[in-house]
Amino acid sequence: RVPRGDGRLTHEVDPDDKRPQDACGIFGVWAPGEDVAKLSYYGLYALQHRGQESAGIAVGDGQAILVYKDMGLVSQVFDERTLSALVGHVAVWHTRYSTTGSSRWENAQPTLAPTTDGTIALGHNGNLTNSHELADLIAARGQGESRDKVMQGNTTDTMLITALLGSHPNTSLEDAAVDDLAMLRGAFSLVFADESTLFAARDPQGIRPLVLGRLERGWVVASETAALDIVGASLVREVEPGELIAVDSRGLRTRRFAPAEPRGCLFEFVYLARPDTTISDRSVHAARVEVGRRLAREHPAEADMVIPVPESGTPAAVGYAEASGIPYGSGLVKNSYVGRTFIQPSQTIRQLGIRLKLNPLRDVIAGKRLVVVDDS
């Protein structure tokens with residue numbers, strides 16, 4: 001979002017911004033009888049790499065929804081006391097990397113809106129390309145508000161989606177979702193809930209990952225399969241492109257809001273996802289190793305050693321070494337207590353973070369011809 005001449009904000013894209021634009025982590029659980037806040041805390045913790053700016057949860061107990069969110073990492077925002085106060089059987093979690101909307105508390109997720117028969121809490125991973133059209137529709141359903149008024153009150157794509165679903169007249173949230181999600185354009189993986197029901201949806205292209213898992217006494221949806229592993233859920237399948245899933249006391253049901261036109265996103269395999277995640281039935285780690293093998297064939301080099309830029313560059317470096325026959329070695333040491341520098345919101349902060357994050361093993365690399373493999 002960039003300032004307009006009149007001081008207001010517009011949803012234009014900054015052409016000089018080369019950051020990945022949709023790297024948030026989302027997690028949802030429906031599990032009566034379980035401590036869903038503490039259970040899903042670990043699921044969101046497993047997705048921390050997808051966003052470092054804010055973290056939040058919405059918990060429903062059948063009667064009301066309670067939301068808690070703040071700026072910072074998952075472990076900084078939540079503690080034992082906070083989690084113990086969040087009681088219910090359905091939860092929606094989110095960890096944010098800002099796309100539209102600045103990095104501030106008001107834009108942390110999940111977002112809330114009233115519906116015709118309750119409340120919706122929603123977490124979103126993606127970016128929309130038709131925000132103005134959606135704002136016009138929300139305005140038309142309201143009390144004569146202008147598009148600009150709607151946009152001022154909904155400063156992120158997530159807020160717009162939440163407001164759109166909440167503005168649907170005289171229908172259930174599930175029916176509203178089937179109607180309204182078909183109007184969204186762009187990339188969106190959604191986890192949302194009312195007081196008693198968990199929902200998940202994925203855009204018709206399936207650009208951002210979203211998977212469904214089974215607990216002994218419930219269901220889980222998450223951005224990556226690694227989060228299912230952490231909470232002890234078994235992978236059922238990916239949420240299909242153009243699919244809406246609903247889970248409540250009647251069980252799990254699925255509806256289609258748009259025809260599937262699968263595209264996916266290579267950057268998930270190259271960088272965003274954890275190596276222990278599976279996307280489209282393919283191991284992310286195995287894909288990265290194969291990328292390294294392909295790189296060695298397409299760009300051979302004469303060198304004494306192949307080294308990675310850890311950690312996400314490591315599998316590709318292994319693949320390069322295997323295909324080239326050049327010995328693999330560790331030439332850079334990573335500070336494990338520094339988060340991802342690529343998704344920090346400032347180039348200056350990224351540069352300082354890299355200095356703190358990586359330091360060379362001088363005795364290993366001195367005097368050697370190196371192939372240095374990185375992913376971004």
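How many salt bridges does a search of the whole structure find? The search finds 21. This is a predicted model.

Start with strand E6, which spans residues 90-96. E6 is mostly covered, and seven of its seven residues are buried.

Now look at the pairing of E6 with other strands. Strand E3, residues 25-30, pairs with E6 in the antiparallel sense. Six bridges link E3 and E6. Within this pairing, isoleucine 26 stands opposite histidine 94 of E6. Strand E4, residues 54-60, also pairs with E6 in the antiparallel sense, over seven bridges. Here isoleucine 57 has tryptophan 93 of E6 as its bridge partner.

Helix H1 covers residues 36-45. Seven of the 10 residues of H1 are buried, so the helix is largely enclosed by the rest of the structure. The buried residues are Val36, Ala37, Leu39, Ser40, Tyr41, Gly43 and Leu44.

Move on to threonine 111. Threonine 111 sits in strand E7, which runs over residues 111-115. Is threonine 111 buried or exposed? Threonine 111 counts as buried because its relative accessibility is 6%, and buried means under 20%. Its side chain makes a polar contact of 2.6 Å with the side chain of threonine 162. Neighbours within four places in sequence are left aside in the next list. Threonine 111 is then in contact with Lys69, Ile120, Ala121, Leu122, Thr158, Met159 and Thr162.

Side chains of opposite charge can pair when their charged atoms come close. Arginine 208 lies in the loop between strand E10 (198-202) and strand E11 (211-215), while glutamate 268 lies in helix H9 (residues 266-272), so the pair ties together parts that are 60 residues apart in sequence. Arginine 208 is buried, with a relative accessible area of 1%. Glutamate 268 is buried too, with a relative accessible area of 1%.

A salt bridge also joins the side chains of arginine 256 and glutamate 240, at 2.7 Å from N to O. Arginine 256 belongs to strand E15 (residues 251-256), and glutamate 240 to the loop between strand E13 (234-238) and strand E14 (243-248), so this pair ties together parts that are 16 residues apart in sequence. Arginine 256 counts as partly exposed, at 40% relative accessibility. Glutamate 240 is partly exposed as well, with a relative accessible area of 38%.

Finally, turn to arginine 250 and aspartate 248. Their side chains meet in a salt bridge of 3.3 Å, N to O. Arginine 250 counts as exposed, at 66% relative accessibility. Aspartate 248, by contrast, is buried, with a relative accessible area of 8%. Which residues join with this pair into one network? Salt bridges that share partners link Glu174, Asp175, Asp248, Arg250, Arg253 and Arg255.

Note on methods:
Residues are numbered from 1 along each chain as its sequence is written. This is a predicted model: local features need pLDDT of at least 70, side-chain atom pairs count only at pLDDT 80 or more; totals for chains, interfaces and linings use all residues. Side-chain values use heavy atoms; hydrogens and water are left out. Helices (H or I, at least four residues) and strands (E, at least two) are DSSP runs, numbered from the N terminus. Buried means under 20% relative accessible area, exposed over 50%, partly exposed in between (1.4 Å probe, protein chains only). A polar contact is a pair of N or O atoms within 3.5 Å; within protein, one must be able to donate a hydrogen and the other to accept it, and residues adjacent in sequence count only if both atoms are side-chain atoms. Contact means heavy atoms within 4.5 Å. Two strands pair if DSSP finds at least two bridges between them. A salt bridge is a side-chain nitrogen of Lys or Arg within 4 Å of a carboxyl oxygen of Asp or Glu.
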